[in-house]
Amino acid sequence: MEETGRDRDIEGRARNARPRDGLGRPLPYGAPGVERQPEGVVRTPEETVREAQRLLDAGMPFHAHEVFEDAWKSGPVAERELWRGLAQLAVGLTHAARGNATGGARLLRRGAAALAEFAGVRPYGIGVDGLIGWARELAGRVEAADSDGAAGDEALRGKPVDAIAEAPCLRPPTR
């Protein structure tokens, strides 16, 4: 850490070295956190999907988002929208699991829209059509729960979703 109290890497870029929880929220320095995903890892599409699914199943959609982000930034231009859309779905689930209904719903819908160009196709076995439906349905439920809370019981407002229970299946079995 430099004198200003900001974490920096050896090139001087800002880096937050604080530990994080499973949803990527910063914890106090010294608190136990979950291991962070290394940045800039180049994986095959197969490795990307496998690692992201493992993280989603473990209730760590923020970390899955980072895996998809690496693929988005390092993959072929023709596939960037696929990986970007998947990253947005994962971060949308992250926000919904943190209780941020507005941000979660918005990102889930944005991710679904980004995946639309891949509808009807199963790139790398990814069930794009099912993911689009999952994202739209979850966005609707998150918004409905938030608006129900706004109209009545304040305790329902911003109620987080269970990231493990809501984790999507990236590669559903084919019929």
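Where is the place of alanine 119? I looked there to begin. Alanine 119 sits in the loop between α4 and α5. I noted that this is a predicted model.

**Entry: alanine 119**

Next I looked up what alanine 119 touches. Setting aside neighbours within four places in sequence, I found contacts with Val128, Asp129 and Ile132. I then took a distance to one of these partners. The C-alpha atoms of alanine 119 and aspartate 129 lie 5.4 Å apart, and 10 residues separate the two in sequence.

**Entry: tyrosine 124**

I stayed with the loop between α4 (101-115) and α5, because tyrosine 124 is found there too. What is phi of tyrosine 124? I read a value near 55°, which is positive in a residue other than glycine. I kept the background in mind: most residues other than glycine have a negative phi. Tyrosine 124 has 34% relative accessibility, so it counts as partly exposed.

**Entry: the whole chain**

I stepped back to the overall layout. How many helices and strands does the protein chain have? I recorded five helices and zero strands. Read along the sequence, the pattern is α-α-α-α-α.

I looked up burial next. The protein chain has 175 residues, and 43% of them count as buried. Its accessible surface is about 9,400 Å². Carbon and sulfur atoms hold 53% of that surface.

Then I turned to contacts.

**Entry: leucine 56**

Is leucine 56 buried or exposed? Its relative accessibility is 3%, under the 20% cut-off, so leucine 56 counts as buried. I listed its contacts, not counting residues up to four places away in sequence. They are Pro61, Ala64, Leu93, Ala163, Ala167, Pro168 and Leu170.

I followed up on Leu170. Leucine 56 and leucine 170 are 114 residues apart along the chain. Their C-alpha atoms are separated by 9.4 Å.

**Entry: the largest cavity**

Leucine 56 also turned up in a cavity lining. I looked for cavities of 30 Å³ or more and found one in the structure. The volume of the largest cavity is about 50 Å³.

Which residues line the largest cavity? I wrote down Leu56, Phe68, Leu86, Leu89, Ala90, Leu131, Trp134, Pro168 and Leu170. By class, the lining has nine nonpolar residues, no polar ones and no charged ones.

I asked which helices supply it. α3 (80-97) and α5 (128-151) each give at least two residues of the lining. The largest share, three residues, comes from α3.

**Entry: the second largest pocket**

I moved on to a pocket. The second largest pocket holds about 150 Å³ of space. Its lining is Arg122, Gly127, Asp129, Gly130, Leu131, Trp134, Pro168, Cys169 and Pro172. I sorted the lining of this pocket by class and got five nonpolar, two polar and two charged residues.

**Entry: aspartate 21**

I went back towards the start of the chain. Aspartate 21 is found in the segment before α1 (45-57). Its relative accessible area is 15%, so I marked aspartate 21 as buried.

What joins the side chains of aspartate 21 and arginine 25? I found a polar contact of 2.6 Å between them. I then left aside neighbours within four places in sequence. Aspartate 21 is in contact with Leu27, Val34 and His63.

**Entry: glutamate 69**

My last stop was helix α2 (residues 61-74), where glutamate 69 is found. Its relative accessibility is 24%, so glutamate 69 counts as partly exposed. I took one distance here. The C-alpha atoms of glutamate 69 and threonine 48 are separated by 9.8 Å. Along the chain, these two are 21 residues apart.

Key. Residues numbered from 1 in each chain as written. Predicted model: local features only at pLDDT ≥ 70, side-chain atom pairs only at ≥ 80, totals over all residues. Heavy atoms only, no water. Helix = DSSP H or I, 4+ residues; strand = E, 2+ residues; numbered from the N terminus. Buried < 20%, exposed > 50% of the residue type's maximum accessible area, 1.4 Å probe, protein only. Polar contact = N/O pair within 3.5 Å; in protein donor to acceptor, adjacent residues only side chain to side chain. Contact = heavy atoms within 4.5 Å. Areas by Shrake-Rupley, 256 points an atom, 1.4 Å probe, with all protein chains shown as cover. 1 Å grid on protein atoms, 1.4 Å probe; cavity = no way out; pocket = protein on both sides within 12 Å on 5 of 7 lines; lining within 4 Å. Points joined across faces, edges and corners; volume = space filled by probe spheres on them. Nonpolar A, V, L, I, M, F, W, Y, C, P; charged D, E, K, R; others polar.
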